[in-house]
Amino acid sequence: MNLTSVFTISLFLVLGFTFDVCASDATCSDVNWQGCITDLISRGRYDTAYHSLLPIAEKGNSDAQIGIAILLNAEPGLSSTKKMNKKDRELLALPWIEKSATAKNPEALAWLADGYKFGWFNFAINEPLSTCIKLIKTSSVGAVSECRKRHDK
């Protein structure tokens, strides 16, 4: 399986397996944005998908925010990030992951937890913080900021 396939499958998972075709290549409506973005991604239209998804993410939709993070971090990715190294792409994606994690988006919480576990996003490896963030999904912990107060070195 090539990186494009892995990237497309990741977005399909995040956006809910919707496979509707876009009414327009230019933008996606707020009503059916998941299907439209999925269609654009499946056709390799990453820049159009990004520009269609950005206004929805900026409105606070946590699924759209993690979609933006995936588009920024992935290969082949956007034309503006193709020549960037992985660390720089991770740093571009991080603010969107954190916004999404604040809304308790499970995908974003998993990325943050793994970031602390494996040292992604230039994070220092911190197993207790990683474990704490994983527990947010089960509501035994309130927020990422609470975990950081308890476990950040």
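Colleague: Let's start with a pair of helices: are helix 7 and helix 8 roughly parallel or roughly antiparallel to each other?

Modeller: Here's the general idea. Two packed helices are described by the angle between their axes and the distance between the axes. In this predicted model, helix 7 and helix 8 (residues 144–151) pack at about 155 degrees, with axes 9 Å apart. An angle over 145 degrees counts as roughly antiparallel, so that's how helix 7 and helix 8 run relative to each other.

Colleague: Which residues make that contact?

Modeller: On the helix 7 side you'll find Pro128, Leu129, Cys132, Ile133 and Ile136. Helix 8 brings Val144, Cys147, Arg148 and His151. And if you want the handedness, the crossing of the two helices is right-handed.

Colleague: What about asparagine 126: where does it sit, and is it buried or exposed?

Modeller: Asparagine 126 is in the loop between helix 6 (106–118) and helix 7 (127–136). Its relative accessible area is 4%, and anything under 20% counts as buried, so asparagine 126 is buried.

Colleague: Which backbone oxygen does its side chain reach?

Modeller: That of histidine 151, at 2.8 Å.

Colleague: Now threonine 81. Where is it in the chain?

Modeller: Look in the loop between helix 4 and helix 5 (86–102). Threonine 81 has 1% relative accessibility, so it counts as buried too.

Colleague: And which residues is threonine 81 in contact with, leaving aside its neighbours within four places in sequence?

Modeller: Leu72, Arg89 and Leu92.

Colleague: Where is confidence lowest, and where is it highest?

Modeller: Where pLDDT is low, the predicted coordinates should not be read in detail. Here the chain averages 79, and 76% of the residues score at least 70. Confidence is lowest in helix 1 (residues 3–15), with a mean of 46, and highest in helix 4 (residues 62–73), at 93. Over residues 1–9 the pLDDT is below 50, and that stretch has 14 contacts beyond near neighbours in sequence. Residues 16–25 are also below 50, with 20 such contacts in the model.

Definitions and conventions: Residues numbered from 1 in each chain as written. Predicted model: local features only at pLDDT ≥ 70, side-chain atom pairs only at ≥ 80, totals over all residues. Heavy atoms only, no water. pLDDT = per-residue confidence, 0-100. Helix = DSSP H or I, 4+ residues; strand = E, 2+ residues; numbered from the N terminus. Contact = heavy atoms within 4.5 Å. Buried < 20%, exposed > 50% of the residue type's maximum accessible area, 1.4 Å probe, protein only. Polar contact = N/O pair within 3.5 Å; in protein donor to acceptor, adjacent residues only side chain to side chain. Axes fitted to C-alpha atoms, helices over the stretch in contact; angles between N-to-C directions. Parallel < 35°, antiparallel > 145°, perpendicular 65-115°, else oblique. Left-handed = near helix turned anticlockwise from the far one by under 90°.
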